Amino acid sequence: MTQYLDFFALELDKLADSKRAFLEIGRRAGRFPSALARTSTGEPDQEISVWCSNDYLGMGQNPSVLAAMKNAVDAFGAGSGGSRNIGGTNPYHGLLESELAVLHGKEAALIFSSGYTANDGALTVLAGRMPGTLVFSDELNHASIIDGLRHSGAQKLIFRHNDMAHLEELLASADPDRPKLIVAESVYSMSGDVAPLAEIADLAEHYGAVTFIDEVHAVGMYGPEGAGIAAREGIADRFTVVMGTLAKGYGTAGGYVAGPAVLVEAVRSLSRPFIFTTSMPPAMAAGALAAVQHLRSSGAERERLRNNAHLLHRLLSERRIPFISSQSHIVSVLVRDERLCQEASSLLLERHGIYVQAINAPSVRAGEEILRVAPSATHTATDVEKFAEAVDSIWEELGLPRDTATVHR
């Protein structure tokens, strides 16, 4: 026992400044992005403004979502009572899956308890079940994709991030008769840049590959009815399987895949993370359903998010504060130093009541540390202006380098 505990104590010591710290906050329904942060000194909770939430559209406090969840709790109680196979399938599960299939123009959809398990569970089956499948995966794909492909046991070839020439080189060198699967994200969570989906679709068709597109940071926020980047580009039908989350644009929790009925049924029947876990609580499914339905009929939230992101891009560019991409609402401000990134985050919180999380390895590579900023639909233009001013003052105080040329991609 002592030896075991001592080992992990030493492992934690190796992390040093990289060890994760968690700020305990209470988001205030109806007032978000305002939240209360728990202090460590016993003083009253500090009121802060949250700038790193994945609840990009504020759907976590939308009245229709809250009402749906409360009604479902009154009708069905707190939990589902079991796995989907054994007593845990509620009517809201089926309604939500049908709604998601229609949203993406696919034959069927399947929900999971999280986006992570959706990727892991679906890719384990779709990449691993058919003998000889060769997978082509973007080097910046999410950990859940990486784990799903590892668990599948399939051979995997990694192409350089968004490098279509490299992807084609790998596809061209493969056995033309071998089953092929291309896996990519539409919006990348740490860089905020967007995949060249039309080119991926062209290559998939030319080389006979199946496609799996992760739209986690796009569903709800982009495309007609919030169906994602592929839908925005008018090419959603060119992707075999789409994966999404209910925990970001839709403000609740859970993940899903949508695609041909036979593939969705294969995942439902064979995926261990789906089969051997308690299903999503009915209230969560009801809230997610209300969020999807709301965003299919309302574009106001998407417009506010787009305007806030564009404004922040402009204000940071004017101040020569470097950020990775201007292609999406994820504004990854480049610090490139772990200690200074943590310090910038702390100063923003202490001086300005602004909470934006410092991101270090393994979420990003060492030396590429960022402040992952996510302006939301619930921020005002004045909020965005004040945020840019605060970042500028911290940048000056810490002596962080400013852009001498455009680095956005």
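In this predicted model, the side chains of Glu24 and Arg38 come together in a salt bridge, with 3.5 Å from N to O. The two residues are 14 positions apart and belong to distant parts of the chain. Glu24 sits in the loop between helix H1 (2-15) and S1, while Arg38 sits in the loop between S2 and strand S3 (46-50). This pair is one of 21 salt bridges counted in the model.

The strands named here belong to an open sheet of four strands, ordered S1-S2-S3-S12 and mixed in its pairing. Strand S1 (25-27) and strand S12 (354-355) each have a single partner strand, so they form the edges of the sheet and one side of each is left without a neighbour there. Strands of a sheet pair through backbone hydrogen bonds, in either a parallel or an antiparallel sense. For S1 and strand S2 (residues 34-37), the sense is antiparallel, and three bridges connect them.

S1 and S2 together make a hairpin, with six residues between the strands. Within the turn, Gly30 has a positive phi of about 90°. The peptide bond leading from Phe32 to Pro33 is cis, with omega near 25°. On the next step across the sheet, S2 and S3 are antiparallel as well, joined by four bridges. Here Ser34 stands opposite Ser49 in S3.

A second open sheet has three strands in the order S11-S14-S13, with antiparallel pairing. Its edge strands are S11 and S13, each of which pairs on one side only. S11 and S14 run antiparallel and are joined by four bridges, and Val333 stands opposite Leu371 in S14. The loop between strand S13 (358-359) and S14 contains Pro362. A cis peptide bond, with omega about 10°, joins Ala361 to this proline.

Asn162 has phi near 55° and is found in the loop between strand S6 (155-159) and helix H6 (164-173). Arg320, with a positive phi of about 55°, lies in the loop between H12 and strand S11 (331-334).

Stepping back to the whole chain, how is it divided into domains? The assignment gives domain 1, made of residues 20-50 and 299-398, and domain 2, made of residues 63-297. The C-alpha centres of the two domains lie 28 Å apart. At their interface, 17 residues of domain 1 are in contact with 20 residues of domain 2. The size of an interface is often given as the accessible area lost when the parts come together. For domain 1 and domain 2, about 1,400 Å² is buried between them, with 50% of it on carbon and sulfur atoms.

What polar links are found across this interface? Ten residue pairs are in polar contact between domain 1 and domain 2, both residues of each pair being at pLDDT 80 or more. One salt bridge also crosses the interface of the two domains. Elements of domain 1 that each supply at least two residues to the side touching domain 2 are helix H12 (300-318) and strand S14 (370-373). H12 provides the largest share of that side, with three residues. By residue type, the side of domain 1 that touches domain 2 divides into six nonpolar, seven polar and four charged residues. Among the salt bridges of the model there is also the pair of Arg365 and Glu139, whose closest N and O atoms are 3.0 Å apart.

Note on methods: Residues numbered from 1 in each chain as written. Predicted model: local features only at pLDDT ≥ 70, side-chain atom pairs only at ≥ 80, totals over all residues. Heavy atoms only, no water. Pairing = 2+ DSSP bridges. Domains from an automatic or database assignment. Contact = heavy atoms within 4.5 Å. Buried area = accessible area lost by both parts, 1.4 Å probe. Salt bridge = Lys/Arg side-chain N within 4 Å of Asp/Glu carboxyl O. Polar contact = N/O pair within 3.5 Å; in protein donor to acceptor, adjacent residues only side chain to side chain. Nonpolar A, V, L, I, M, F, W, Y, C, P; charged D, E, K, R; others polar.
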